[in-house]
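Thank you for giving me a few minutes this morning. I would like to walk through one model slowly, taking the contacts between side chains one group at a time.

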Amino acid sequence: MNTGMEPIETEIIEFRQYNEKVNDIIMPIRFKHGYDSKADLAKDFQLLPADLYPRKNIYNFLSDQGVNSTTFLGDRYAKSEFNKSLSNGSEVYPYLTLIEGLYMFSKKINSPKKGKNFLYLYLDLIDEIAHKYGAGSPELDLEIDNMFRLIDELILTKTKSKAGRTLLLITADHGHDVFDPEETIYINKIIPEFESYLRKNSKGEPILPGGSAKDIFLYVDPKHQELAKAKLEQELKGRAEVYFSKDLLEQGFFGRKQSSAGFRKVIGDMVVLPYNGESVWWYRGDKYLKQSKGQHGGLSRNEMEIPLFAYVL
């Protein structure tokens with residue numbers, strides 16, 4: 001979000017992904033190591049935010065066109081390294097609650113800066129509830145109803161006849177797929193020897209998967225790739241599809257521009273894409289999926305299709 005660029009350009013594709021400088025999996029959105037909670041990316045690997053995040057975003061582009069930008073983000077993450085980089089060029093207002101965020105947004109609509117303005121409000125509650133309870137759950141339906149009620153009350157009503165020439169757009173950055181976490185397929189359980197197929201990091205340890213339970217990026221030693229793919233296809237038949245990453249790259253799934261050598265390392269060697277209602281991950285004895293009934297990142301219809309509402313205020 002906020003870049004106007006394709007994944008092949010930003011080189012950020014998932015919550016967990018490979019980084020060449022660390023030679024292991026990191027979480028770019030949190031600027032943390034993907035699996036080692038004690039590791040410090042800056043101190044231990046000399047990886048800086050400027051090395052990871054795009055140098056330009058849509059706010060820089062809009063500024064060049066004479067457009068003022070204002071961003072409203074949740075207080076928990078508004079000042080994260082990720083958001084500081086991607087919100088550069090925009091005036092950022094952190095909010096604590098949904099009501100506060102919507103109220104601040106409506107106030108700015110009614111009293112904008114002189115000239116043209118772009119206002120961006122990110123609401124995270126729907127995504128968080130969809131992860132916990134799943135799409136279609138009563139908890140999620142209630143939260144969506146509440147959000148639209150508050151949008152009506154705090155934006156549509158309070159800006160009526162005051163907003164000038166203003167277009168309100170409401171959309172989502174992704175959908176969600178629902179699955180039973182108890183039925184998740186773990187690669188290293190169905191194929192116990194699979195860990196020996198993986199590439200190694202600088203410590204000689206296997207590089208664990210990137211992505212999520214809906215799009216698993218695997219970093220497989222070249223000499224094991226054909227065997228690994230064949231075994232995955234056999235064990236996951238009817239529940240997921242397995243591709244070589246390079247084939248998806250050539251077909252334009254990550255964008256149409258020329259890929260760098262670094263990006264080809266980010267996407268790894270194979271991608272596992274579970275079908276609707278299915279999930280595939282790597283077992284580590286933790287509760288990663290036990291707490292989640294919804295995920296996204298794959299190519300199922302539920303994950304790819306998103307709404308777009310346009311309303312002239």
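This is a predicted model: local features need pLDDT of at least 70, side-chain atom pairs count only at pLDDT 80 or more; totals for chains, interfaces and linings use all residues.

Let me start with E278, which forms a salt bridge with R239, the closest N and O atoms being 2.9 Å apart; by a salt bridge I mean a side-chain nitrogen of Lys or Arg within 4 Å of a carboxyl oxygen of Asp or Glu. E278 lies in the loop between β13 (270-274) and β14, while R239 lies in the loop between α10 (225-235) and β12 (240-244), so the pair ties together parts that are 39 residues apart in sequence. The names of these elements follow DSSP runs numbered from the N terminus, with helices (H or I) of at least four residues and strands (E) of at least two. With a relative accessibility of 17%, E278 counts as buried, whereas R239, at 27%, is partly exposed.

Residues are numbered from 1 along each chain as its sequence is written, and side-chain values use heavy atoms, with hydrogens and water left out.

How many salt bridges are there by this rule? The count comes to 15. One of them joins the side chains of K265 and E20, at 2.6 Å from N to O. Here K265 lies in helix α12 (residues 261-266) and E20 in the loop between β1 (17-19) and β2 (24-27), so this pair ties together parts that are 245 residues apart in sequence. K265 is partly exposed at 39% relative accessibility, and E20 is partly exposed at 44%.

Another salt bridge is formed by R76 and E128, whose closest N and O atoms are 2.6 Å apart. R76 lies in the loop between β4 (67-74) and α5 (81-86), and E128 lies in helix α7 (residues 125-133), so the parts tied together are 52 residues apart in sequence. R76 is exposed, with a relative accessible area of 65%, whereas E128 is partly exposed at 36%. Salt bridges also link R76, D124 and E128 in a network.

Now to the aromatic rings. Rings of Phe, Tyr and Trp (its six-membered ring) pair if their centres lie within 6.5 Å, and planes under 30 degrees apart count as stacked, over 60 as edge-to-face and the rest as tilted. By this rule there are 13 aromatic pairs. In one of them, the rings of F194 and W282 have their centres 6.3 Å apart and their planes at 65°, so the pair is edge-to-face. F194 lies in the loop between α9 (187-190) and β10 (210-212), and W282 in the loop between β14 (280-281) and β15 (294-295), so this contact ties together parts that are 88 residues apart in sequence. Both F194 and W282 are buried. F254 and F263 also form an edge-to-face pair, with 5.6 Å from centre to centre and 75° between the planes, and both of these residues are buried. Elsewhere, ring pairs link F31, Y53 and F82 into a cluster.

Which residues touch the most other members of the largest nonpolar core? Of its 39 residues, they are F194, L218, L232, F254 and V272; such a core is a set of buried Ala, Val, Leu, Ile, Met, Phe, Trp, Tyr and Cys residues joined through side-chain atoms within 4.5 Å. Several elements give two or more residues to this core, including β11 (215-218), α10 and α12, and β13 gives the most, with four residues.

Finally, there is the strand β1, where Y18 has its place. At 10% relative accessibility, Y18 counts as buried. Y18 and H33 are 15 residues apart in sequence, and their C-alpha atoms are 9.9 Å apart in space. That is where I will stop, and I am glad to take questions.

Conventions
Buried means under 20% relative accessible area, exposed over 50%, partly exposed in between (1.4 Å probe, protein chains only).
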